[in-house]
Amino acid sequence: MHLLNLGILAHVDAGKTSLTERLLHHAGVIDELGSVDAGSTRTDTLALERQRGITIKAAVVSFPVDGVTVNLIDTPGHPDFIAEVERVLGVLDGAVLVVSAVEGVQAQTRVLMRTLRRLRIPTLVFVNKTDRRGARPEAVLRELTERLAVPVVAMGTVTAPGTPAAAFTPADPAPDVLADHDDTLLAGYVNGTLTPARVRAALRAQAHRGVVHPVYAGSAATGAGVPELVAGIKELLPPAAGDPDGPLSGTVFKVERGPAGEKIAYARLFSGTLRVRDRIRADDARSKVTAISVFGGGTDTRAEAVPAGRIARLWGLTDVRIGDSLGTPRSGHGRFFAPPTLETVVVPGPGTDRRALHLALTRLAEQDPLIGLRHDEVRAETSVSLYGEVQKEVLQATLADEHGLAVTFRETTPLCLERPAGTGAAAEFIKKGDHPFLATVGLRVEPAPPGTGVTFGLEVELGAMPYAFFKAVEDTVRETLAQGLHGWRVTDCAVTMTHAGYWPRQSHAHQGFDKSMSSTGYDFRGLTPLVLVDALRRAGTRVHEPMHRFRLEAPADTLGALLPVLVALEAVPGTARTEGARCVLEGVVPAARAHALEQRIPGLTRGEGELESAFDHYAPVTGGAVPERPRTDRNPLDRKEYLLNVTGRVGG
């Protein structure tokens, strides 16, 4: 069976969900078009999506095209939900990037196209809304080349743009762009021997490889250009590949709860065949598949098995999480977008049960791992990590609508991290000093290059003590580094174990094992945080805040008003250039100020400014007080408090 797993991506409000409706209607899957404004679309099923008219969660629908089964995945367009898009990209065979003929190339359009190009996902472009007043399809085609800097091939022209009569007229693709990527085509182009069939074959081959991007235009509202787009999807995007007889390999890209609260996992299989009652490993957990449904013919139907290439819904995987691998993990598949850089504390409203709130947030985190819950048992508080303010509003509405829980939020703050400022070492020995643990642990902490994370190594022989004790130390090191000297996650450091010692298993005569005379994993888990924070103190840590790189395009005569505001928001302009009557500013701004900058731009630029902002790097906090984050652990920074919490006594 010819299969294609297709993603629909766009900047918010480009008409992506409306195009999905039109494709389903064209294929005969639905009899009546749904409306985003009326909240009746097939893919926006959440109540909140219908109310706000935006896509929040990825949705899968299926439709047939001349013997080809297309599994279409509608994705969010708002940048606050970029994590949802990230999960979908890893399961696609091809994509359609929707661009508005009125607004043209926008900030999110650039982010998405860069990612699609980097992953070599074959992509068609659909210029939508050609029937709208102000539509400028020819100018948008130039923007695709100039602002996105990608090779595009126009597949036709638009007549009567900006009117309800706007139509798309197909045309043979010009060979000039294709010839840049094919020497034999170039030779034929130069000597005039090219045939339309040869050009079409080159277009198909280059589009399949993601080298060039065919561009269609039309209107999801009127249906103009949609038949041509559908034909292009069938011809120019490659079918799903995979060996159904190979080793099992798949990826979970979505998790939802069924009517009875059961987990349902959406997965794409890249290799092998998965059957009902199979016991499979999903990362660290092993579960039995109790039911399967596969997509096809406009809906999903129950099946006994799902082969490679298909998308399925799976029941029975009780511990599954988004991003888990089924069977053999895929190589080279990682994160494509930056992690969230903001966090806020969830504040229960009057009468809101804290335990119910904790459960609801935990379930939401299952569906979106980047929510990043952080529980503070001492203060009875829960923090969540976010991409932006809209995500916070959606979280608040979701808790109210789906769980009946009223919440508010504290002010959003940047999610900082700590890096070692130097090298520090510490060690504690069995029965020396005031610690009660039957363990010897020595650790050295050193800075590592940015982006390397945390590495753990040994300077003691692996046979110096049981492996389980080394593993206890390493695991505890990584847990403890979740909160550094200022409460932020410590990263980009190398931790080396320099000393190790234990008391072997001992027992009294004619009696069983005596743990008071023998080391256990508890001893190493208890001592390691004290040694590690001592080493961190000696090394020192520096707090780094997230920085966004921004690109601001605005009328040149507004530059004088923009610069003082940028300075006030601690932005650092880098390059500035003038392009006709417009200026382009690029630079960096603290993530904590990015939202405020976004809000100020329309008023400062007469509504004509375009801001593109995305996480770029972490930079040391300079000036003012160093931001602190309340601890949620047993606080090894306070030795007496820690020992009292862990052992019930101060030590000795």
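Helices (H or I, at least four residues) and strands (E, at least two) are taken as DSSP runs and numbered from the N terminus. The structure is a predicted model, in which local features need pLDDT of at least 70 and side-chain atom pairs count only at pLDDT 80 or more, while totals for chains, interfaces and linings use all residues. Residues are numbered from 1 along each chain as its sequence is written, and side-chain values use heavy atoms, with hydrogens and water left out.

With those conventions in hand, the overall picture comes first. The protein contains 16 helices and 34 strands. Of its 652 residues, 53% count as buried, where buried means under 20% relative accessible area, exposed over 50%, and partly exposed in between (1.4 Å probe, protein chains only). Contact means heavy atoms within 4.5 Å. Among the contacts in the protein with a separation of 6 or more, 72% are made by residues 24 or more positions apart.

The loop between β34 and α16 (639-647) is where Asn635 is found. Asn635 is buried, with a relative accessible area of 16%, and has a positive phi of about 60° although it is not a glycine. Most residues other than glycine have a negative phi, and most peptide bonds are trans. Asp492 also shows a positive phi, of about 55°, without being a glycine. The loop that holds Asp492 runs between β29 (489-490) and β30 (493-502), and Asp492 counts as buried because its relative accessibility is 4%.

Rolling a probe the size of a water molecule over the atoms shows where empty space is left. On a 1 Å grid over the protein atoms alone, a cavity is a set of points where a 1.4 Å probe fits but cannot get out, and lining residues have an atom within 4 Å of a point. Grid points are joined across faces, edges and corners, and a volume is the space filled by probe spheres set on the points. Two cavities of 30 Å³ or more are present in the structure.

The largest cavity has a volume of about 110 Å³. Its lining includes Val127, Pro137, Glu138, Leu141, Phe168 and Tyr216. At least two lining residues come from each of α5 (137-146), β7 (156-159) and β9 (213-217). For the classes, Ala, Val, Leu, Ile, Met, Phe, Trp, Tyr, Cys and Pro count as nonpolar, Asp, Glu, Lys and Arg as charged, and the others, Gly among them, as polar. On that basis the lining of the largest cavity has nine nonpolar, two polar and one charged residues.

The second largest cavity holds about 40 Å³ of space. Gln106, Ala107, Arg110, Arg147, Arg551, Glu610, Leu611 and Glu612 form its lining. Two or more of these residues come from each of α4 (107-118) and β34 (610-620), and β34 gives the largest share, three residues. Sorted by class, the lining of the second largest cavity has two nonpolar, one polar and five charged residues.

Asn128 lies in strand β5 and counts as buried because its relative accessibility is 3%. Neighbours within four places in sequence aside, the contacts of Asn128 include Ala14, Gly15, Val98, Ser100, Gly218 and Ala220. Arg136 sits in the loop between β5 and α5, and counts as partly exposed because its relative accessibility is 29%. Beyond neighbours within four places in sequence, Arg136 is in contact with Ala101, Val102, Glu103, Gly104 and Glu143. The C-alpha atoms of Arg136 and Glu103 are 8.8 Å apart, although 33 residues separate the two along the chain.

Strand β3 (residues 68-74) is the place of Val70, which is buried at a relative accessible area of 1%. Not counting residues up to four places away in sequence, Val70 touches Leu4, Leu6, Val61, Ser62, Phe63 and Val65. Between the C-alpha atoms of Val70 and Leu6, 64 residues apart along the chain, the separation is 6.7 Å.

Aromatic rings complete the survey. Rings of Phe, Tyr and Trp (its six-membered ring) pair if their centres lie within 6.5 Å, and the structure holds seven aromatic pairs. Phe253, Tyr266 and Phe295 form one aromatic cluster. A charge sits over a ring if NZ of Lys or CZ of Arg is within 6 Å of the ring centre and within 35 degrees of the ring normal. The charged end of Lys254 is placed over the ring of Tyr266, 4.9 Å from its centre, and Arg302 lies over the face of Trp315, 4.2 Å from the ring centre.

Note on methods
1 Å grid on protein atoms, 1.4 Å probe; cavity = no way out; pocket = protein on both sides within 12 Å on 5 of 7 lines; lining within 4 Å. Phe/Tyr/Trp six-rings, centres within 6.5 Å; stacked < 30°, edge-to-face > 60°.
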